[in-house]
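Trainee: I am new to this structure. Please show it to me, and then take me through some of its details.

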Amino acid sequence: MSSIFVFDAYGTLFDVHAAIARFRGEAGLEADRMSEIWRGKQLEYTWTLTLAGHYADFWTLTERALDFALARLPTVPKALKPKLLDAYFKLDAFPDARKVLRELKARGEHTAILSNGSPAMLASAVEAAGIKADLDAVLSVDTVKVFKPRPEVYALVTKEFSVTPAEVVFVSSNRWDAMGATAFGFRSVWVNRAKTPDEYPDFPPLAVVNDLSGLLSVAR
């Protein structure tokens, strides 16, 4: 029986720190710290707005998070803002992303993205990475206007493919996302590139891999 392999986008297929990598020389010594703050605030805003019962699309929150990061670290030139936003709109995919997606498709599996990203962001990133033909669906939280890890988000997959949660393998580099997927009933795979300590012991993933290529052995 084939499965549905569903991927988180940012941090899993697309490198969220690729934007600062393109301009590290201009950003200066605190470039990496700025990028970490940017990413942290981006996620924080999704959680706090969802908890408060409000919604703003992911691109709006991405820009607000960048404004905060630049204000927090004034050594990084604010003039970089438009360059960084443009780079984020066309993030680099991780080197193994295309290979893994194509291998799964060659095996007859269905593939999809489920992301906090806005439809425009996802369309741009997918096009830039050259993976559009390797995906059966690109699903955005904008449809339900709440962010992960709300169960309504993961339900977009079961509705799209008319499957039960147990038929879905969900792949994410974010442990909290894998937790949400597991709680929903997906078989989650945590891509632990940074080799960080495990969390959420009550919601263990099906497997932990070091990079996307490790998924191919799980998928056999």
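Mentor: A salt bridge here is a side-chain nitrogen of Lys or Arg within 4 Å of a carboxyl oxygen of Asp or Glu. The model is predicted, so local features need pLDDT of at least 70 and side-chain atom pairs pLDDT 80 or more, while totals for chains, interfaces and linings use all residues. Residues are numbered from 1 along each chain as its sequence is written, and side-chain values use heavy atoms, leaving out hydrogens and water.

Trainee: Are Arg107 and Glu103 buried, exposed or partly exposed, and at what relative accessible area?

Mentor: Buried means under 20% relative accessible area, exposed over 50%, and partly exposed in between, for a 1.4 Å probe and protein chains only. Arg107 has 27% relative accessibility, so Arg107 is partly exposed. Glu103 is also partly exposed, because the relative accessible area of Glu103 is 32%.

Trainee: Glu26 and Lys83 form a salt bridge; how many residues apart in sequence are the parts that the pair ties together?

Mentor: The closest N and O atoms of Glu26 and Lys83 are 3.1 Å apart. Glu26 is partly exposed at 42%, and Lys83 is partly exposed at 38%. Helices are DSSP runs of H or I with at least four residues, strands are runs of E with at least two, and both are numbered from the N terminus. Glu26 lies in helix 2 (residues 24-27) and Lys83 in helix 5 (residues 81-89), so the separation of the parts they tie together is 57 residues.

Trainee: Which side chain of opposite charge is nearest to Glu109?

Mentor: Lys and Arg count as positive and Asp and Glu as negative, with His and the chain ends not counted. Glu109 sits in the loop between helix 6 (97-106) and strand 2 (110-115). Glu109 is buried and has no salt bridge; at 5.8 Å, the nearest opposite charge belongs to Arg107.

Trainee: Which residues have the most contacts inside the largest nonpolar core?

Mentor: A nonpolar core is a set of buried Ala, Val, Leu, Ile, Met, Phe, Trp, Tyr and Cys residues joined through side-chain atoms within 4.5 Å. In soluble globular proteins, nonpolar side chains tend to be buried together. The largest core here has 72 residues, and those with the most contacts inside it are Phe7, Tyr10, Phe14, Met34, Trp38 and Leu114.

Trainee: How many aromatic pairs are found, and is the pair of Trp47 and Trp176 stacked, tilted or edge-to-face?

Mentor: Rings of Phe, Tyr and Trp (its six-membered ring) pair if their centres lie within 6.5 Å; planes under 30 degrees apart are stacked, over 60 edge-to-face, and the rest tilted. A search of the whole structure gives 13 aromatic pairs. With 5.2 Å centre to centre and 85° between the planes, the pair of Trp47 and Trp176 is edge-to-face.

Trainee: At what angle are the ring planes of Tyr10 and Phe14?

Mentor: Tyr10 and Phe14 are both buried, and they belong to one aromatic cluster that includes Trp38 and Tyr55. Their ring centres are 6.1 Å apart, and the pair is tilted because the planes are at 50°.

Trainee: Which peptide bond is cis, and what is the phi of Lys145?

Mentor: Most residues other than glycine have a negative phi, and most peptide bonds are trans. The bond from Lys148 to Pro149 is cis, with omega near 5°, and Pro149 lies in the loop between strand 3 (137-140) and helix 8 (151-161). Lys145 is in the loop between strand 3 and helix 8, and Lys145 has a positive phi, near 60°.
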